[in-house]
Amino acid sequence: WLHMTPSDGQLRFEGDSDALIVKGLIALLHRLYDGLPLDQVGAVDARAELGRLGLHDHLSAQRSNGLRAMIERIRQEAG
């Protein structure tokens with residue numbers, strides 16, 4: 001789903017999915033993280049930012065777990 005390529009000290013990533021809801025989640029994460037300096041990625045509280053949208057109330061447990069896994073992978077890749 002996610003392909004990350006840190007470049008010039010910034011996080012760059014692309015993502016895709018067949019499921020429209022996952023495409024939307026990837027787009028939101030892209031807005032939060034793409035282009036950030038690698039040392040600032042860990043400071044982003046994606047769950048809180050997405051919570052402001054009320055998103056957690058509308059995701060199934062499986063989708064929430066997938067979102068959590070994507071956030072963790074982004075943070076790991078940023079190192």
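A residue is called buried when its relative accessible area is under 20%, exposed when it is over 50%, and partly exposed in between, with a 1.4 Å probe and protein chains only. By this definition arginine 73, with a relative accessible area of 34%, is partly exposed.

The structure is a predicted model, in which local features need pLDDT of at least 70 and side-chain atom pairs count only at pLDDT 80 or more, whereas totals for chains, interfaces and linings use all residues. Residues are numbered from 1 along each chain as its sequence is written, and side-chain values use heavy atoms, with hydrogens and water left out.

Helices (H or I, at least four residues) and strands (E, at least two) are taken as DSSP runs and numbered from the N terminus. Helix α1 (residues 20–33) and helix α3 (residues 61–78) have axes that come within 11 Å of one another and cross at roughly 35 degrees, the axes being lines fitted to C-alpha atoms, for helices over the stretch in contact, and the angles running from 0 to 180 degrees between N-to-C directions. The crossing of α1 past α3 is right-handed, that is, the near helix is turned clockwise from the far one by less than a right angle. On the α1 side the contact (heavy atoms within 4.5 Å) is made by Ile21, Val22, Leu25, Ile26, Leu29 and Tyr33, and on the α3 side by Arg63, Leu67, Met70, Ile71, Ile74 and Arg75. Sorted by class, this contact holds ten nonpolar residues, no polar ones and two charged ones, where Ala, Val, Leu, Ile, Met, Phe, Trp, Tyr, Cys and Pro count as nonpolar, Asp, Glu, Lys and Arg as charged, and the others, Gly among them, as polar.

A salt bridge is counted when a side-chain nitrogen of Lys or Arg lies within 4 Å of a carboxyl oxygen of Asp or Glu, and the count by this rule is four. One of them joins the side chains of aspartate 34 and arginine 12, at 3.4 Å from N to O. This pair links distant parts of the chain, 22 residues apart, with aspartate 34 in the loop between α1 and α2 (46–51) and arginine 12 in the loop between β1 (2–4) and β2 (13–15). Aspartate 34 is partly exposed at 24% relative accessibility, and arginine 12 is likewise partly exposed, at 34%.

Another salt bridge pairs arginine 52 with glutamate 49, their closest N and O atoms being 3.1 Å apart; arginine 52 is exposed at 68% relative accessibility, whereas glutamate 49 is partly exposed at 33%. Arginine 73 forms a salt bridge with glutamate 77, with 3.9 Å between the closest N and O atoms. Both residues lie in helix α3, four residues apart, which is about one turn of the helix, and glutamate 77 is partly exposed at 39%.
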